[in-house]
Amino acid sequence: MPKDTGIGASTRRREDVRFLKGKGQYTDDIPPAHDQAAAVFARSTVANGVIKSIDTSVAESMPGVLAVFTGADFADVGGNPAGWLINSRDGEPMKEPKRPVLAHGKVRHVGDAYAAVIAETEKQARDAVEAIEADIEELPAIMDVKAALTSDNFVHDEIGTNQCFDWGWIEDNRRATDDAIKGAAHVTTLELVNNRLVPNAMEPRCSMASYKESSDEYTLHTTSQNPHLTRLLISAFVMGIPENKLTVIAPDVGGGFGSKIYHYGEEALVLAAAKRVGRTVKWTSDRTEAFLTDAHGRDHVTKIELATDAEGNFLAFRTETYANVGAYLSNFATATPTFLHGTLMAGNYTVPNVYVNVKAVFTNTAPVDAYRGAGRPEATYSLERVIDKCARELGMDPIALRRKNFIKPDQYPFASAAGLEYDSGNYDALMDKMEEVADVAGFAARRKASESKGMLRGFGVNAYVEACGIAPSNLVGVLGSRVGLYDAATVRVNATGNLSVMVGAHSHGQGHETVFPQIVSDMLGIDAQSIDIVHGDTSKIPFGMGTYGSRSLAVCGSAVVRATEKIIAKAKKIAGHMLEAADTDIEFKDGQFSVVGTNKSVSFGEVALKAYIPHNFPIEDIEPGLEETAFYDPANFTFPSGAYCCEVEVDPDTGKVRVDRMTAVDDFGNVMNPMIVTGQVHGGLGQGIGQALLEAARYNEDGQLESASYMDYAMPRADDLPFYIVDHSQGTPCTHNPLGAKGCGEAGAIGSPPTVVNAVIDALQSGGKNVTHIDMPLTPHRVWSAMNNA
Amino acid sequence: MNLSDTKTIDADRATVYAALLNAEVLQACVPGCQEMTGSPESGFEAVVVQKVGPVKATFKGAVQLSEMVEPESLTITGEGKGGAAGFAKGGAKVRLEADGDQTILHYDVEAKVGGKLAQLGSRIIDGFAKKMADQFFSNFQDALGTPSQEVAATAEAAPEQKKGWFRKLVKS
């Protein structure tokens, strides 16, 4: 019988009570401080330009204006850094041009802020921004990643190139890969574009800062997925504010998808302004600013080759990718196209040779960084599209070809040709389950039914493996990470027996407030309702690295387990004292501490009370109190995997694609709350189908973002999506973390785009159209054009 | 964005050419123009209020005339800055062809927009630019006199102006 509490139960999300009632408290909802002022930014309307002069004198004299900032005010403070050092193939470190708080000397993308006004009201600040006279000489925009590499027009003149790095992975495997491709019986080549996306979190970014002169302390409320990381970046790199003088609070956050991992200049600006004007200063992004300045996702141009022998055994994958990093390096911009992408380019396969080349290129566009999936969707898309094309060329069934090359369950731990060691998995079991729950056998009949309506029906399949639970600090340190990627939890048992659990992970849709108590209540045998999660406030929680890369459960959840284990160990000592027995003789079960072999026992609540009212307490042996902290640094990545399929109907007259059936069978290891996991998969599938069919951030050749509103940027809506079949019954536990959990936040967005595209190609082929590839998004126009040019 | 068209104007080439250099005519013909000062030699300064889709703004701009071959052709280039609304810039190559007592005006317009205009208006900018150009040349026809068969079609564009007022002005 399904449990309604504890690990494995579909406990309803307790946070939804406040969200559904409209009682969530987001940064912009915080009641205005008595001294609150507003910040509004002046943003470039050109993609590339020299700032000749900025005259702020009129703006400064306007009603309500408290201060006007320009880039000159921040010339002496640090830049916002990239978190990961990548070395090029020739050993040269990547190029790291400074990313200033406000543009100085040059503006480098439309939306690049070059000035900011602080005024009594937002309206007054907006009026004053209008009065800033900026003489900006427009230069030709650098937009195309390939042309940028041969251009002598630079996004950053001081580095004399538009190439950030030219990375090879693994460089030592290059020759063997080249040789394998040269000698192969069959080589399939595919050129594709992984389309640029705008994250579109429902809540736009918002930052509010205050400064207390008496103690020289700053407080920043901001929309962040990782308040400690934001504090570290501001303190150590940008502003130099000591960490103990800066509190960063990320209250309820309405979606992140990666875009709120990063530190943005607006946060530094409101901090500086709060000190200068001695007021609370708030900035709230409008939707246009979100389109222009939130870090975008994807934007890869890739050529991939797959070499096989005559029987379809994979011999080598080789890719060449141009990754657009935009105008400035966002914090994870260099890790996303490299170690979160290249290391997954062996996929689920025993392929012996993999070589990945990634050239990261500066352009006059918004910065590009991790977006739900972060590098793994790009890897999976390239692999699973070329495998599909290969199957067609070899005349093989796409499922059979994949199965033929799958890593088998008895091969774990498996060292992939792209350099990672997968700890567990069973890709055939996932595929079996997928064929069953998707009723693949019934496809032929459904195709007939579609054809009788005049529609083309296609079946698309995909297998993925990704790396989550980032990350083992020792490993990522060797690979160039400038931070560690552990997480932390403090379990505080209060005197009356209820618990506060302070976690480094941040919940902005993931349901931590529900799931972490499920784990702790299971371990302590107490009611989950007596456990509360505290997150998002650096003054309350231990130093954790936050939430991204599907890491919260695998890394922070493991820290929660370790801290709770420490609680149990200490509680046993206290119970042993209370029961006059050695702690080694104490057994803990269902919330009761008992002496083995006797009926003597004390409850968890009694032990908690004793810890805080330590009368008759062995203070020489046991400290009072019951509070423990654990930092958990994972031994390896976790490797969720899955088998996805979908069926589409294509209208041959219009090119309109409708996803009719979508099946996601995932291995997330042990599942803590199946309902929440299903919800995470649903969200990921929506974003993945959005990428496949609808979404595209489009700049014109002058660098103007033409898809900067919901009139022109097509988000998936309910009627674009089918009912999903989601299954996670085939989990193989992670072998190296205490929960056996792998991570589920990004899988849907990783597995679904190639599945949809494969299905559309299959539909067109079934209609006699020799179309082998269409770049996403598969709009009716693109599909129709491909059909009519085939 | 590029667009080309021709308009027949009920006036000779010299009159049409002179009108194109006249700040008063330009102010009357540029849709939404609030101010137009300057001269053909030094260029014109203009203030134009326009609404493009959801974006309404006051554009302050400079207009330059070049490649002037009287009375055959000239090039008009300009840039308008609309503050937070962004900017519009572009040019028109104008060629005048005599056709009896009338003049056939050929124009090729190239226009670019940036900032909020591009972000919110790219879908509608082509239609907007065409409307602006049509209105300008319709107003211009009105100022100089419209061939009778076209009067009905353009009468709505500038009902407050008497037809052919510029020609009356220069001929009086």
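1. Helix 6 and helix 7 of chain A are roughly perpendicular to each other (the word covers angles of 65 to 115 degrees). In this predicted model, the axes of helix 6 (residues 227-238) and helix 7 (residues 265-277) of chain A come within 11 Å and cross at roughly 70°, where axes are lines fitted to C-alpha atoms over the stretch in contact and angles run from 0 to 180 degrees between N-to-C directions. The crossing of these two helices of chain A is right-handed, that is, the near helix is turned clockwise from the far one by less than a right angle.

2. On the side of helix 6 of chain A, the contact is made by Thr230(A), Ile234(A) and Val238(A), and on the side of helix 7 of chain A by Glu267(A), Ala268(A) and Leu271(A); two residues are in contact if their C-beta atoms, placed from the backbone, lie within 7 Å. By class, this contact has 4 nonpolar, 1 polar and 1 charged residues, with Ala, Val, Leu, Ile, Met, Phe, Trp, Tyr, Cys and Pro counted as nonpolar, Asp, Glu, Lys and Arg as charged, and the others, Gly among them, as polar.

3. Local features in this predicted model need pLDDT of at least 70 and side-chain atom pairs count only at pLDDT 80 or more, whereas totals for chains, interfaces and linings use all residues. Residues are numbered from 1 along each chain as its sequence is written, and chains are lettered from A and ligands numbered from 1 in the order in which they are written. Helices (H or I, at least four residues) and strands (E, at least two) are DSSP runs, numbered from the N terminus.

4. Lys260(A) lies in the loop between strand 11 (246-249) and helix 7 of chain A, and Lys260(A) counts as buried because 28 C-beta neighbours lie inside 10 Å (buried means 20 or more other C-beta atoms within 10 Å, exposed 12 or fewer, and partly exposed in between). Leaving aside residues up to four places away in sequence, Lys260(A) touches Ala201(A), Arg205(A), Thr223(A), Ser224(A), Gln225(A) and Val253(A).

5. Of the 13 residues of helix 14 of chain A, 11 are buried, so this helix is largely enclosed by the rest of the structure; the buried residues include Phe516(A), Ile519(A) and Leu524(A). Just after helix 14 of chain A, Gly525(A) takes a positive phi of about 65°.

6. The contact between the chains takes 15 residues from chain A and 13 residues from chain B. Helix 3 (122-131) and helix 8 (287-293) of chain A each supply at least two residues of the side of chain A that touches chain B, and the residues of that side divide into 7 nonpolar, 4 polar and 4 charged.

Technical notes
Parallel < 35°, antiparallel > 145°, perpendicular 65-115°, else oblique.
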